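Dear colleague,

I would be grateful if you could read them with the structure open.

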Amino acid sequence: IPENTDLVAEIARLKKEKNAVIMAHYYQTGDIQDIADVIGDSLALAQWATKVEADIIVMCGVHFMGETVKILSSEKKVLVPDLNAGCSLAESCPADKFEEFVKAHPDHTVISYVNTTAAVKTLTDVVVTSSNARKIVDSFPKDAKLIFGPDRNLGNYINSVTGRSMLLWDGACHVHEQFSLEKILLLKKEHPNALILAHPECQSVVLKVADEIGSTLALLNFTKTSDAKEFIVATESGIIHEMRKYSPDKTFIPAPPIDSTCGCNDCNFMKLNTMEKIYNCLKYEFPEITIEESVRVKAEKPIRKMLELS
Ligand code: CIZ
């Protein structure tokens, strides 16, 4: 890319020329969120993917999000700026091992978090995101036998609020698993009026001290309506961009990870996407998400089921 290229203008030009749209997850950097046609959580992005009219969708997020868009909009070209943008949670649940787990419990309904590969979705009855997991789990009879994967922290949290004992897959998100209770409590001492906001993928010790637990969208909405002026935010720090945009008068403090040298409250996969890569992927229409049609068709069912129940 030539030096001094105005990436914002060039991306806008390519988008128009190619009838493309840009979708960005809340965990993307602020510059990417600012040029996106739509910003959202996985549920909002999936819902939007079923309606959008375009020839090309650039999904600025991680690989499974590109897959979800492709599964729902198979006729469109779906690009992701960096194919290496994986997800620790999706990787913690290999399809072959998950299949063994499902087969070992044949009388169970399988509920999978959206942070899974298309292959795992083919083994799933209904997909959930953090913003609809409770509602969808509650749609099953109280005595239903349920498997929930792959996030054990989210699964434990949903078990606790719904009074169920779903069988859990033992996976975790490397960002949310890393938040340090001790450092959060130190921050709280320094900012006694700050409310602690935590994502349900955090460990239960962090959830115990949280004033509000919810998905990115739920936490964002909470900050808009709360009277509080300060918040300690225990989820990926990208969401703080939106929080600040809506509430410029409030203070948002990212919760620190255990190992502060690893910068774990940023998802290093999400942050692989850059403005330069978006420009290149629009220009060269690459890298593209492709899914074998038989897998796509099978994986679409539990996602559509989620959309119906949401
Ligand atoms: O559902 C999503 O997009 C994720 C990964 C988190 C959240 O709470 O929005």
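Asn19 counts as exposed because it has 11 C-beta neighbours inside 10 Å; a residue is exposed with 12 or fewer other C-beta atoms within 10 Å of its own, buried with 20 or more, and partly exposed in between, the C-beta atoms being placed from the backbone. Please note that this is a predicted model, in which local features need pLDDT of at least 70 and side-chain atom pairs count only at pLDDT 80 or more, while totals for chains, interfaces and linings use all residues. Residues are numbered from 1 along each chain as its sequence is written.

Asn19 is not a glycine, yet has a positive phi of about 50°. Its place is the loop between helix H1 (7-17) and strand S1 (20-25); helices (H or I, at least four residues) and strands (E, at least two) are DSSP runs, numbered from the N terminus. Glu285, also not a glycine, has a positive phi of about 50° and sits in the loop between H14 and H15. Glu285 counts as partly exposed, because 16 C-beta neighbours lie inside 10 Å.

There are cis peptide bonds to report as well. One joins Phe286 to Pro287, with omega near 0°, and Pro287 is found in the loop between helix H14 (275-284) and helix H15 (293-309). Another joins Gly149 and Pro150, with omega about -5°; Pro150 lies in the loop between strand S7 (146-149) and helix H9 (152-162).

I turn next to helix packing. Helix H3 (residues 42-49) packs against helix H4 (residues 63-72) at an angle of about 30°, their axes being 9 Å apart. Axes are lines fitted to C-alpha atoms, for helices over the stretch in contact, and angles run from 0 to 180 degrees between N-to-C directions. The angle therefore makes H3 roughly parallel to H4, a term for angles under 35 degrees. From H3, Ser42, Leu45, Ala46 and Ala49 meet Met65, Thr68, Val69 and Leu72 of H4; two residues are in contact if their C-beta atoms, placed from the backbone, lie within 7 Å. The residues of this contact divide into six nonpolar, two polar and no charged. Here Ala, Val, Leu, Ile, Met, Phe, Trp, Tyr, Cys and Pro count as nonpolar, Asp, Glu, Lys and Arg as charged, and the others, Gly among them, as polar. H4 is mostly covered, with 10 of its 10 residues buried.

Helix H12 (residues 216-225) and H13 pack at about 25°, with axes 9 Å apart, and H12 is therefore roughly parallel to H13. Thr216, Leu219, Leu220, Thr223 and Lys224 in H12 meet Ile239, Glu242, Met243 and Tyr246 in H13. By class, that contact has five nonpolar, two polar and two charged residues.

Ile239 belongs to helix H13 (residues 239-246) and counts as buried because it has 27 C-beta neighbours inside 10 Å. Apart from neighbours within four places in sequence, the contacts of Ile239 include Tyr26, Tyr27 and Val233.

Finally, the domain assignment of the protein chain gives domain 1 (7-85 + 270-292), domain 2 (89-172 + 299-309) and domain 3 (176-254); such bounds come from an automatic or database domain assignment. The centres of domain 1 and domain 3, taken over C-alpha atoms, are separated by 27 Å. In domain 1, 10 residues are in contact with eight residues of domain 3.

Yours sincerely

Technical notes
Parallel < 35°, antiparallel > 145°, perpendicular 65-115°, else oblique.
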